[in-house]
Amino acid sequence: MLRVFAGQIGLSPAEYAEAEAGVVRWLGEEQAATIPQVLGLSASERKQFQALLADARSATPLEFDDLFTREQLEPVRLRHAEGKRAAVRAKNEILDAVFAPLR
Amino acid sequence: MSYHYQAKTDAEIEQTAAAILARFPKRRLGLAVDIEGILEDLGMDLLPRRGIRPHAEGYLARDPRIIVVDEKIFTYPPRARFTLAEEVSHLILEYELWKGGRLPVGADSHELSEQQHFFVEKDAKSLASALLMPAAIFAEIFNAKRRELEAAAAPELHALRETLKHAGEIFQVSPKAAAVRARKLKLITLAELKRLLPDS
């Protein structure tokens, strides 16, 4: 359901996950317009939503690496790792990919 | 003492799957198991990211509340569901890895012997398969469809393919995953599996 909602407001699953965790840069004008429509917010709810969004935008912006640490997201068991040597090599490359800013 | 993973028997895998499914009886989508709902009930979060797929489709993180997945897996939901089921299976099969602040000595993926690595992955796949395709109901659906097609005089291989496609749709898994499960439950022979999946 969340991924359907993400698609409806123009975000990919990764972008939506960041937005949900507090990375407010994903909530641009498109999202500010479509979220109230998709959720069917009333006039007063829309007003409250816009006020909360304005508050969030004025706060210190968060990025992915403010929310998670490399240690926390270190792979413990990998799917499709091609043997143990590949697992070692892959671990750092995976973490680099996980922490690469979404474009 | 170095970490040792004790490989599970088929019976242990089936019992474990049955226990998990009994614990979450409402997490169903028709006959399919709502694996994302079960993850949610277990207090786990999915974290979709980009660029992981060259190495993995998903993985269980050091923080056991988080399964990191490549966002591209959601383009084919049956495969995504299997990936999620496999990752939660790792957590269930090796829950002791996440008990302390650090991994036990020798427990990291690259520290396991090839044999240990093989069993860790094999058991996680088997448990994922048993979770998504519960034995009794899967066999019932599979046999009913196969009998129906055979009664309609469908050619044997075609009937098998259609049966697996049907089971895949019912349980929201790929036909390949359904074929492997059917073989595990002895609903098809090894020769039939090889005809269906020549690369297996």
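Trainee: Let's say contact means heavy atoms within 4.5 Å. What share of the contacts in chain B between residues at least 6 apart in sequence joins residues at least 24 apart?

Mentor: The share is 62%. Before we go on, this is a predicted model, where local features need pLDDT of at least 70, side-chain atom pairs count only at pLDDT 80 or more, and totals for chains, interfaces and linings use all residues. Residues are numbered from 1 along each chain as its sequence is written, chains are lettered from A and ligands numbered from 1 in the order in which they are written, and side-chain values use heavy atoms, with hydrogens and water left out.

Trainee: Got it. How many helices and strands does chain B have?

Mentor: Chain B has eight helices and five strands. Both are DSSP runs numbered from the N terminus: helices are H or I with at least four residues, and strands are E with at least two. Along the sequence the pattern reads α-β-β-α-β-β-β-α-α-α-α-α-α.

Trainee: Switching topic: how many residues of chain B are in contact with chain A?

Mentor: On the chain B side there are 44, and they touch 34 residues of chain A. The area buried between the two chains is about 3,300 Å², with carbon and sulfur atoms giving 53% of it. Buried area here is the accessible area (1.4 Å probe) that two parts lose on being put together, summed over both.

Trainee: Which residues of chain B lose the most area to chain A?

Mentor: Those are B:Arg49, B:Arg50 and B:His55, together 24% of what that side buries.

Trainee: How many salt bridges cross that interface?

Mentor: The rule finds three between chain B and chain A. A salt bridge is a side-chain nitrogen of Lys or Arg within 4 Å of a carboxyl oxygen of Asp or Glu. B:Glu36 and A:Arg3 meet in a salt bridge at 2.4 Å, N to O. Another salt bridge pairs A:Glu15 with B:Arg50, at 2.9 Å, N to O. A:Glu15 sits in helix H2 (residues 13-21) of chain A and B:Arg50 in the loop between S3 and S4 of chain B, so this pair joins two chains.

Trainee: Is A:Glu15 buried or exposed?

Mentor: A:Glu15 is buried, with a relative accessible area of 11%, whereas B:Arg50 is partly exposed at 24%.

Trainee: What does B:Arg49 link up with?

Mentor: B:Arg49 belongs to a network of salt bridges with A:Glu18, A:Arg25 and A:Glu63.

Trainee: Now inside chain B, what does B:Asp10 pair with?

Mentor: Its salt-bridge partner is B:Lys184, at 3.2 Å, N to O. This pair links distant parts of the chain, helix H1 (residues 10-23) and helix H7 (residues 175-184), with the two residues 174 apart. B:Asp10 is partly exposed at 43%, and B:Lys184 is partly exposed at 32%.

Trainee: And where do B:Arg146 and B:Glu150 sit?

Mentor: They lie four residues apart in helix H5 (residues 135-151) of chain B, so about one helical turn separates them. B:Arg146 is buried at 13%, whereas B:Glu150 is partly exposed at 41%.

Conventions: Buried means under 20% relative accessible area, exposed over 50%, partly exposed in between (1.4 Å probe, protein chains only).
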